[in-house]
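Hi everyone, thanks for making time.

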Amino acid sequence: MKDQLVKALACNNHVRLYAVCSTAMVQEAKDRFDLYPTPAAALGRVLSVASIMGSMLKSEQEMLTINIEGGGPIGSIVVDAYANGNVRGFVSNPHAEAPSKPDGHLNVGAVVGNMGVLTVTKDLSMEENWSGSVELQSGEIGEDFAYYFTLSEQTPTAVSVGVKVGTDGNIISAGALVMQIMPNAEEADIVMCEHVLSGLKPMSQIVEEYSDASMSEFVSALFDDVKVLTDQPVAFKCTCSKEKTEELLKTVSPKELKAMVEEDKGAEVTCHFCNTVYNFSEDELRKILEETEKNLEETQELEDHVVSDSGC
């Protein structure tokens with residue numbers, strides 16, 4: 001099954017459903033950062049839920065950032081999500097590990113930790129960003145996001161998310177389901193949701209079993225009256241580029257740029273979000289330096305002119 005995200009309604013439109021297959025997305029992150037199994041599962045779970053949360057945004061100009069600081073050996077987990085469901089993200093320590101649980105499953109909670117917060121910051125193209133934070137409940141990601149939705153966004157939500165990692169470290173399956181109760185839901189709708197959730201298999205198992213089907217078929221099997229609204233492809237996709245990196249270098253002081261030119265004979269810049277490396281030659285840096293110095297001179301002349309005018 002290709003990575004895809006489905007939005008649907010059920011229970012007479014009283015329940016919102018979001019489901020995502022994110023296997024290739026998580027494999028991409030694993031390959032880019034050489035993630036060990038447990039960090040791969042941890043980041044993969046956040047990427048999966050983030051893809052769904054991004055799809056909840058109202059316009060292509062909006063985005064959100066998830067930051068999890070649990071105090072565990074993995075350090076920070078940072079993920080950006082966009083309205084089209086695409087995501088990018090990283091962890092501070094991609095090689096963090098912890099002993100497996102007694103049942104043999106990866107101990108995500110142990111590497112993430114639960115002595116910290118989950119913060120969601122939304123850039124809604126307004127003067128100020130919106131931000132909401134909750135204390136981590138377990139570090140296992142699913143119940144942490146369910147707590148966030150219920151407390152911070154005042155929406156009763158169930159979250160099921162899973163990543164299955166093979167013995168070779170590659171991702172076998174990954175996905176997430178978010179089920180939200182609408183304000184107009186009736187008691188019968190809540191009971192039905194509880195019944196569906198009680199019989200739900202782990203999401204990684206569901207994605208694996210539906211490998212020859214689709215997420216639309218999966219959500220349609222959950223309730224009798226599912227109405228699929230959208231079905232869209234999603235991916236791990238970074239927005240960085242050499243052009244954007246060049247603009248970033250233009251914010252570096254001339255002194256530092258000169259050192260890169262004269263001492264380093266070039267520069268290597270790595271994107272934190274996707275681990276892509278951009279190389280700048282000595283000549284490229286000289287051009288950036290010249291433009292930076294010219295802009296500083298023009299700014300200084302403008303400031304001097306303003307001061308002169310005000311003095312008159």
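Let's start with Arg32 and Glu28, which form a salt bridge whose closest N and O atoms are 2.9 Å apart. Keep in mind that this is a predicted model. Both residues sit in helix H1, residues 23-33, and they are four residues apart, about one turn of the helix.

Now look at Glu140 and Arg45, another salt bridge, with the closest N and O atoms 2.9 Å apart. Glu140 is in the loop between strand S7 and helix H4, while Arg45 is in helix H2, so this pair ties together parts 95 residues apart in sequence. Glu140 counts as buried, at 18% relative accessibility, and Arg45 is buried too, at 13%.

A further salt bridge joins Lys242 and Glu284, at 3.2 Å from N to O. Here Lys242 belongs to helix H8 and Glu284 to helix H10, 42 residues apart. There is also a network, in which salt bridges with shared partners connect Glu246, Glu247, Lys250 and Glu291. The count comes to 13 salt bridges.

On to the nonpolar side. The largest core has 59 residues, and Ile77 is one of those touching the most other members. Helix H2 gives the largest share of this core, ten residues. Leaving out residues up to four places away in sequence, Ile77 touches, among others, Ala42, Leu43 and Val46. Apart from that core lies another, of 23 residues, including Cys21 and Met203.

Technical notes: Residues numbered from 1 in each chain as written. Predicted model: local features only at pLDDT ≥ 70, side-chain atom pairs only at ≥ 80, totals over all residues. Heavy atoms only, no water. Core = buried A, V, L, I, M, F, W, Y, C linked by side-chain atoms within 4.5 Å. Buried < 20%, exposed > 50% of the residue type's maximum accessible area, 1.4 Å probe, protein only. Helix = DSSP H or I, 4+ residues; strand = E, 2+ residues; numbered from the N terminus. Contact = heavy atoms within 4.5 Å. Salt bridge = Lys/Arg side-chain N within 4 Å of Asp/Glu carboxyl O.
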